[in-house]
Amino acid sequence: MKRLILLFSLSFLFSTAILAQTTEVWVVRHAEKDKSNPEDKDPNLSDEGRIRAGDLATFLKKVKFDAGFTTPYKRTHQTLDSLIIPKVIDYKDAKSLVDSVKKNYAGKTVIVAAHSNTALEIIEAFGGKRPMEMLTDDDYDYIFRLTVKDDKAKVKKDQFGRPHHL
């Protein structure tokens, strides 16, 4: 009987520790895209964007990522190439991204390269408060660090690389 109680107690403590894990999620908008051909729906990064992607890698050089996620667009993938080989996903549905991260990467560190119209939605889907009203088409230097526990996230906003509003 004592062994059964001990086993039950240890199981309870172990399951509580797993459920209470903190996951670190970084959300960044892709770097500047090449706008030379307005007809191109999937442009590469511009020269400035490649520099910013390098600045992102420098900014995050001490962070070890367990996974990275991008959309199918080249610019999101190229933004993370210096950090990690990202998994391509479609996050028109931010909830499915959040569910996948919570299920498969609990207690780990991940990065998501998003777009100006999805980055803040992803933060909210993780349970974080929107750190700013919106990202404009010219906002490329913001990065958001989420500390996710259960259905809540603390959000820290930072900037990296050359300020884009100069």
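Is Glu24 buried or exposed? At 17% relative accessibility, Glu24 counts as buried, because the cut-off for a buried residue is under 20% relative accessible area. The model described here is predicted.

## Overall layout

The secondary structure of the protein chain consists of 5 helices and 6 strands. Read from the N terminus, the elements follow the order α-β-α-β-α-β-α-β-α-β-β.

The protein chain has 166 residues, and buried residues make up 39% of them. Among contacts between residues at least 6 apart in sequence, 63% join residues at least 24 apart.

In soluble globular proteins, nonpolar side chains tend to be buried together. In this model, the largest nonpolar core holds 24 residues, and Val25, Val27, Phe126, Phe144 and Leu146 are those that touch the most other members. At least two residues of this core come from each of E1, E2, H4, E4, H5 and E5. There is also a second, separate core of 11 residues, including Leu80, Ile111, Ile143 and Phe160.

The surroundings of Val27 can be listed in detail. Apart from neighbours within four places in sequence, Val27 is in contact with Val112, Ala114, Ala119, Ile122, Ile123, Ile143, Phe144 and Leu146.

## Helix H4

Helix H4 spans residues 94–104, and its residues Ala94, Leu97, Val98 and Val101 are buried. These four lie on the same side of H4, because they cover an arc of only 95° around the axis. An α-helix has 3.6 residues a turn, so residues three or four places apart point the same way. The buried residues of H4 pack against strand E1 (23–29), strand E2 (67–70), strand E4 (109–114) and H5.

The face of H4 turned away from the buried side carries Lys95 and Lys103, which are exposed. At the start of the helix, a side-chain oxygen of Asp93 comes within 3.2 Å of the backbone nitrogen of Lys95.

## Salt bridges

Side chains of opposite charge can pair when their charged atoms come close. The whole structure contains 8 salt bridges. One of them joins Arg145 and Glu24, with the closest N and O atoms 2.5 Å apart. Arg145 belongs to strand E5 and Glu24 to strand E1, so this pair ties together parts that are 121 residues apart in sequence. Arg145 is partly exposed, at 34% relative accessibility, whereas Glu24 is buried.

Asp151 and Lys102 form another salt bridge, and their closest N and O atoms are 3.0 Å apart. This pair also links distant parts of the chain, since Asp151 is in the loop between E5 and strand E6 (152–159) while Lys102 is in helix H4, 49 residues away. Asp151 counts as exposed at 63% relative accessibility, and Lys102 is partly exposed, with a relative accessible area of 25%. A further salt bridge is formed by Lys64 and Asp66, where the closest N and O atoms are 3.9 Å apart. Lys64 is exposed at 63% relative accessibility, and Asp66 is partly exposed at 35%.

## Asp141, a buried charge without a salt bridge

Asp141 sits in the loop between helix H5 (119–125) and strand E5 (142–149). This residue is buried yet has no salt bridge. The nearest side chain of opposite charge is that of Arg52, 5.1 Å away, and the pair does not count as a salt bridge because the cut-off is 4 Å.

What does the side chain of Asp141 join through a polar contact of 2.9 Å? The partner is the side chain of Gln159. Leaving aside neighbours within four places in sequence, the residues in contact with Asp141 are Arg52, Asp158, Gln159, Phe160, Arg162, Pro163 and His164.

## Ser36, an exposed loop residue

Ser36 is found in the loop between E1 and helix H2 (47–59). With a relative accessible area of 62%, Ser36 is exposed. The side chain of Ser36 makes a polar contact of 2.8 Å with the side chain of Asp34. Ser36 and Ser46 are 10 residues apart in sequence, and their C-alpha atoms are 8.9 Å apart in space.

Note on methods:
Residues are numbered from 1 along each chain as its sequence is written. This is a predicted model: local features need pLDDT of at least 70, side-chain atom pairs count only at pLDDT 80 or more; totals for chains, interfaces and linings use all residues. Side-chain values use heavy atoms; hydrogens and water are left out. Buried means under 20% relative accessible area, exposed over 50%, partly exposed in between (1.4 Å probe, protein chains only). Lys and Arg count as positive and Asp and Glu as negative; His and the chain ends are not counted. A polar contact is a pair of N or O atoms within 3.5 Å; within protein, one must be able to donate a hydrogen and the other to accept it, and residues adjacent in sequence count only if both atoms are side-chain atoms. Contact means heavy atoms within 4.5 Å. The arc is that of the directions from the helix axis to the C-beta atoms. A nonpolar core is a set of buried Ala, Val, Leu, Ile, Met, Phe, Trp, Tyr and Cys residues joined through side-chain atoms within 4.5 Å.
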